[in-house]
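Hi everyone, thanks for coming.

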Amino acid sequence: MNEKKSQNRKETCKGYVLPIGPQHPMYVEAENLMLHLDGETIVDVEVNIGYMHRGIEELMQRRNYIQNLYLAERICGICSGVHTVTYCQCIENLMGIENIPERAKYIRTIILELERIHSHFLFLGVLAYELGLDTAFMYTWRDREYVMDILEMISGNRVNYSMPTFGGVKRDIPDSKIPEILKKLDYLESRAKYYAKVFHSDMLIRKRTTGKGKLSKNFAEKYSIVGPVARASGLKIDVRKDMPYLLYDELDWRIVTKRECDSHARIMVKVYEILESVRILKQCFRKVSKTEKNLKIKAPLRVEPNEALAVTEAPRGELLYYAISNGTDVPERIRVRTPTFANIVKSIPEILKGEQLGDLPVIIASMDPCFSCCDRITLLDVNTGEVKSLDGSELRRMGERK
Amino acid sequence: MIFESMIYPGAFFVVFMSLLYSGILRKLSARMQHRIGPPIWQQFFDIIKLLHKEDIRPEQAKMGYTFWPFIAMISVLISCLLTPIGGTIPLGSSDTIILIYFLIFGSLALYLSGFSSSNPFAVVGAVRGVIQMIGYEFPFVVSIIVTLLATGSIFPADVNSYQTVHGWFAFSFPFAALAYFISVLAKIEVPPFHIPEAHQEIVSGYYTEYTGTRLAMIMLTHSLKLFALISIGIAFFFGGSTSILEFLIKSMILLFLISLSRVVMARFRIDHAMRFCWIFGFVAFIDLIRVCSFF
């Protein structure tokens, strides 16, 4: 079917077909775009996804709820925190756990917002790289190390934080560490302000991004675009405000929106969201030390037949978990809907039509796609130079130990 | 004579220095980008490694695939040897038109190598390269003509020695010097002009298909182009050079300027690059009018 379609298209347009992907320097992950070009102008695009399929939903049906906690964390290497939190919320809904301790709520919020900052800095770096501005790429990723440091101070890990569990969180944030964390946050805030200035005023960046990859408000509504991409098109949607979870309705922050609908608006939304996240974090850190030191409540191992839904705002947009239980300790079905799926698959061909090939990487990067990340770990012993792979049970042991 | 053309300051010296310059350029931009960067000998390692690699030839490749990289390398090398290096011209004095001819032919041969490899990415890269060429040759040639008219001679050696007496052309013709600098950035394809090899869009551009010895030749051509343009820049705008030490110091300053502009700018789109280059072509025209009316 697909081949036939592309053949027909080949006949109708005079140009040529340029395959972008599955392996291409533009992507971090594998995905395929077939570009039908006329000179440098994009006439048509076919999106073929599925190169990173790992069957995680199927795997989840064979493992118990606690094992799935680690699996959910590894769906995405960048949004690992929000995946676990959403999974936990979903299973808590399933179990009927309504109120988790106040301190656990704060710690979860802190993890989510730190992750948002880290993801947005990563986005700025990727975008600068696609623009051919390697310096901004190096600088943003250097500053991203500061968020990673904070996350490491809190959880002991830079990427898979493994903090939330059913009914609360696993580890506490010691009060003694908070002053140092706040100092690092101040630095991040100043850097985010600097990048806001750079991305707003740099002549070349503006030239490459303003008016490119237009995604109108109507279009965004029609195709259910979510997250920062929708907010850059003037839609005031954010799960944190629309369906508040954790502490987001108690904290003082605002939704960042832009009306320009182009790549530049999408960049600026993300930069300003970093500043909003810093604002949320400062409030959280101020209040977390005043809560009582109660980290989690007991959760049952088996779950009665039930179904539940949890929605959160991941750094890239709305993240949805849906679970059905069958009375055992293994879920009947878990469905994950990531924001990239909502943003990319249907809308990319419409957005790219008529654009120049030179603008393609920037437009795609400004949509911030995330297809998946690696699901295996290789450990390198620095002293002996020995390389070994870790299997699931070992990873789980390590996760519990920390 | 043979020593002068082959060893010092001839082919051997030029190849050595051009690779070293590329290494320094990489190191400088790395430090500016807050990275450690590769060692300055990295280009040597790369070239030596590539020379030992297997040579893969795609089935669809056309005849020129085999020889265009070598022709490109040789013609850019010749243009290097026609520039005054520390007061002497390794191949003996010849006029500027030959020098520019070999330089342009070198770039053209690179793009032809892209066309002959029959890879869609390479073809897009080569088309972009040729389009960009139409852009950058204009300011380049205009700025060179300004200096030639001011000197009243067509020989690079004369332009070189004229400046030691009458002062730097970079100061007397700042617009032409600026246009020259912009065209240098475009010619050596560093940001913001790395459009023909924009790897986020078209993998490696015109040399996507190349491996082994031929890729080494293409990399060497890039380095030699950098050397040739720095050498021309010193001879035509930056006061010329009477000794090799002066040459090296001035080329370090130019390398610093190139790496500075390399790290602060994003990539142009091809149509933006054209417009930008042509604007600087007309900027250089200001000096052309000045030199026609006053000198």
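**A quick tour**

Let's start with one residue: T221(B), which is found in helix α11, residues 212-236 of chain B. Helices here are DSSP runs of H or I with at least four residues, strands are E runs of at least two, and both are numbered from the N terminus.

Before I go on, a word on the ground rules. This is a predicted model, so local features need pLDDT of at least 70 and side-chain atom pairs count only at pLDDT 80 or more, while totals for chains, interfaces and linings use all residues. Residues are numbered from 1 along each chain as its sequence is written, and chains are lettered from A and ligands numbered from 1 in the order in which they are written.

Back to T221(B): is it buried or exposed? T221(B) is buried, because 26 other C-beta atoms lie within 10 Å. The cut-offs are 20 or more for buried, 12 or fewer for exposed, and partly exposed in between, with C-beta atoms placed from the backbone. Leaving out residues up to four places away in sequence, T221(B) touches A72(B), M73(B), V76(B), G106(B) and L110(B). Contact here means C-beta atoms, placed from the backbone, within 7 Å. F294(B), on the other hand, is 73 residues apart from T221(B) along the chain, and their C-alpha atoms are separated by 39 Å.

Now over to chain A. Three strands make an open antiparallel sheet there, in the order β1-β2-β3. Since β1 (16-20) and β3 (41-48) of chain A stand at the edges with a single partner strand each, one side of each is left without a neighbour in the sheet. Two strands count as paired if DSSP finds at least two bridges between them. Strand β2(A), residues 32-38, is joined to β3(A) by seven bridges, and one pair of bridge partners is L33(A) with V47(A) in β3(A).

How is chain A divided into domains? The assignment, which is automatic or from a database, gives domain 1 (2-48) and domain 2 (56-401). Their contact takes 11 residues from domain 1 and 15 residues from domain 2 of chain A. On the domain 1 side, β3(A) gives the most, with five residues.

Last stop, the two chains together. Here 25 residues of chain A are in contact with 21 residues of chain B. On the chain A side, the largest share, five residues, comes from α6(A). Thanks, I'll take questions now!

Notes:
Contact = placed C-beta atoms within 7 Å.
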